[in-house]
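Subject: A structure for you to look at

Hi,

I'm passing a structure on to you, and you will find it just below. Have a look at it first, and then read on for what turned up.

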Amino acid sequence: MLAAEADGADSARGRLARFYIERLLPEHASLLEQSRAGAAALYALSPEDLAS
């Protein structure tokens with residue numbers, strides 16, 4: 001973010017940083033929760049379950 005701040009908020013780098021901070025970064029919380037939940041439910045599925 002420091003480089004984006006140095007270029008200014010209206011620069012391409014600044015706009016990209018703002019997009020990342022506002023739209024992509026918040027996803028990390030839900031992805032982290034999913035990874036902490038583990039994969040037991042996924043591995044409980046059989047190939048037949050996935051085919052239907």
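Here is a place to begin: in which loop does S11 lie? S11 sits in the loop between α1 (2–7) and α2. Keep in mind as you look around that this is a predicted model.

S11 has a relative accessibility of 18%, and because buried means under 20%, S11 counts as buried. A polar atom of the S11 side chain lies 3.0 Å from the backbone nitrogen of G14.

Now for the overall picture. The protein has five helices and zero strands, so if you read from the N terminus, the order of elements is α-α-α-α-α. Of the 52 residues in the protein, 8% are buried. The protein exposes about 4600 Å², and carbon and sulfur atoms supply 60% of that area.

How far can you trust what you see? The average pLDDT of the protein is 86, and 88% of the residues score at least 70. Confidence is lowest in α1, with a mean of 67, and highest in helix α5 (residues 47–51), with 92. Where pLDDT is low, the predicted coordinates should not be read in detail.

Next, please find helix α2 (residues 12–24). How many salt bridges are there? The count comes to one salt bridge, and the partners are E22 and R18. Their closest N and O atoms are 3.9 Å apart, which falls within the 4 Å limit for a salt bridge. E22 and R18 are separated by about one helical turn, because they are four residues apart in helix α2. Side chains of opposite charge can pair when their charged atoms come close. R18 counts as partly exposed, with 39% relative accessibility.

There is also a nonpolar patch on the surface, formed by L16, F19, Y20, I21, L24 and L25. Together these residues have about 540 Å² of accessible area. One of them, L24, has its place in helix α2. With a relative accessible area of 37%, L24 is partly exposed.

One of the patch residues, L25, comes up again in a contact with H28. The side chain of H28 reaches the backbone oxygen of L25 at 2.8 Å. H28 itself lies in helix α3 (residues 27–37). Is H28 buried, partly exposed or exposed? H28 is partly exposed, because its relative accessible area is 48% and the exposed class begins over 50%.

Enjoy exploring, and write back with any questions.

Best wishes

How values were computed:
Residues numbered from 1 in each chain as written. Predicted model: local features only at pLDDT ≥ 70, side-chain atom pairs only at ≥ 80, totals over all residues. Heavy atoms only, no water. Helix = DSSP H or I, 4+ residues; strand = E, 2+ residues; numbered from the N terminus. Buried < 20%, exposed > 50% of the residue type's maximum accessible area, 1.4 Å probe, protein only. Polar contact = N/O pair within 3.5 Å; in protein donor to acceptor, adjacent residues only side chain to side chain. Salt bridge = Lys/Arg side-chain N within 4 Å of Asp/Glu carboxyl O. Patch = residues over 30% accessible without salt bridge, like charges linked within 9 Å, V, L, I, M, F, W, Y side chains within 5 Å. Areas by Shrake-Rupley, 256 points an atom, 1.4 Å probe, with all protein chains shown as cover. pLDDT = per-residue confidence, 0-100.
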